[in-house]
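Please walk through the helix packing and one of the pockets in the structure shown here. A plain account in running paragraphs would do.

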Amino acid sequence: MTVVYVRRTGMGSQVVARQVLQLAVRNILPSVYSPLQFGRCHLQPLCTACRLFCSSTSQSALQSTQQSHEIRPLSKKPATELSLDSLVDMGFTDSQAEHIQDAMSKLGGGSATKHALSTLTALFVLGLNPSSVLKILEKCPELYTVKESQLQQRIANMRKLGLVEGSLQRVVSHYPQILTVSVKAVKHVVVFLREKCLFTIQQVTDILRDSPAIVMENMGQLEYKFQYVYFRMGVKQKEMVKSRLFRFTLDEVRCRHCFLERRGLYQTPDKKGQTLILNPKLDSILGVDQDTFLTHVANASTEEYDVFKRLMAREWQEEEQQQQGNIEVDSDDDDEDEDKEEEETRGKSGYRKRRKK
């Protein structure tokens, strides 16, 4: 630390004061105007996250020094707003940068503008390139509004569940909505798969990697689908994971299975797991397109299958209506029982009152 003593003498004090000012400027300017913050010709090739950090640091430093030289009104734009130049510095093209700004404006600004910087940074840190990041945000614009802390917690939780580098990037690219689901909700699905369905830890990881949309599926439908395939079709957990069962809806599974069953090509195993015919594997039933399924598995025409699907849809609708009717009847019976209890209670209380009089 340099200490300068200033005398209170006319010209001498002015000279010394000027020296103090020059010394202060020499000490301050190197920390503010680093080579990274002057022109792009001084920049070395950096990762996108580093360019993002340097860009934001440069803007804040330049604004602070300009304000020290002259007083003028501050910009109305918030400090967290992403300009076209900053987006281009991250690696986006001009059209991509404009597309991102349009998307944020359609969301009404606000939280989108506030959290967009942290969202972009988190996606770049995952190793995704600008084109992939843009596709992810087009699939799931809600990511613009996710808080940084929530985003980091969800990514960390996915890593804990076994989604390592490579798998994690594929999951986020294929189904970015998984980053909008809370850690608690994801853990709830994992507990269900482990405790109710008895999948192993590795099998749960494989399910999340191959069928990430499972985290947003209705738990009642999810449980019914598992029980249908396990008990009705006699398929074990290992084959479920291999066939990527949870990518398909319950109606798709039931329709193809029932079609085979009614044609005599599929049989529910007995208690010992035995069948009189050789059932086709679940992967050959679900993991192929409709034409391949009909040609190589069901040995049927498209017209036959279309008619069957319409009949099944009508049958399932009637079953649902019947179940709803049974539920309503049960609720009416409960109401009648409650009314009888209330009448008996009122009668007893009225009798007591009359006796007291």
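Predicted model: local features only at pLDDT ≥ 70, side-chain atom pairs only at ≥ 80, totals over all residues.

**Helix packing and a pocket**

The crossing of α7 and α8 is right-handed.

Helix α7 covers residues 148–160 and helix α8 covers residues 167–174. Their axes come within 11 Å of each other and cross at roughly 130°. Angles over 145 degrees would count as roughly antiparallel, and those from 65 to 115 as roughly perpendicular; α7 and α8 are therefore oblique to each other. On the α7 side, the residues that meet α8 are I155, M158 and R159. Their counterparts in α8 are L168, V171 and V172. Sorted by type, the residues of this contact between α7 and α8 comprise five nonpolar and one charged, with no polar residue.

Helix α7 also packs against α9. Here the axes come within 10 Å and the crossing angle is roughly 20°. Because angles under 35 degrees count as roughly parallel, α7 is roughly parallel to α9. The crossing of α7 and α9 is right-handed. From α7, the contact takes in Q153, R154 and N157, while α9 supplies V183, V186 and K187. The make-up of the contact of α7 with α9 is two nonpolar, two polar and two charged residues.

Helix α9, residues 183–196, packs in turn with helix α10, residues 201–210. The angle between them is about 135°, and their axes lie 10 Å apart. That angle makes α9 oblique to α10. In passing α10, α9 makes a right-handed crossing. V190, L193 and R194 form the α9 side of the contact; I201, V204, I207 and L208 form the α10 side. By type, the residues of the contact of α9 with α10 are six nonpolar and one charged, and none is polar.

The remaining topic is empty space. Rolling a probe the size of a water molecule over the atoms shows where such space is left. What is the volume of the second largest pocket? The volume of the second largest pocket is about 260 Å³. Its lining consists of 15 residues. Which of these lie nearest the centre of the second largest pocket? They are G234, E239, Y266, N279 and K281. The lining of the second largest pocket divides into seven nonpolar, five polar and three charged residues.

Terms used: Residues numbered from 1 in each chain as written. Heavy atoms only, no water. 1 Å grid on protein atoms, 1.4 Å probe; cavity = no way out; pocket = protein on both sides within 12 Å on 5 of 7 lines; lining within 4 Å. Points joined across faces, edges and corners; volume = space filled by probe spheres on them. Nonpolar A, V, L, I, M, F, W, Y, C, P; charged D, E, K, R; others polar. Axes fitted to C-alpha atoms, helices over the stretch in contact; angles between N-to-C directions. Helix = DSSP H or I, 4+ residues; strand = E, 2+ residues; numbered from the N terminus. Left-handed = near helix turned anticlockwise from the far one by under 90°. Contact = heavy atoms within 4.5 Å.
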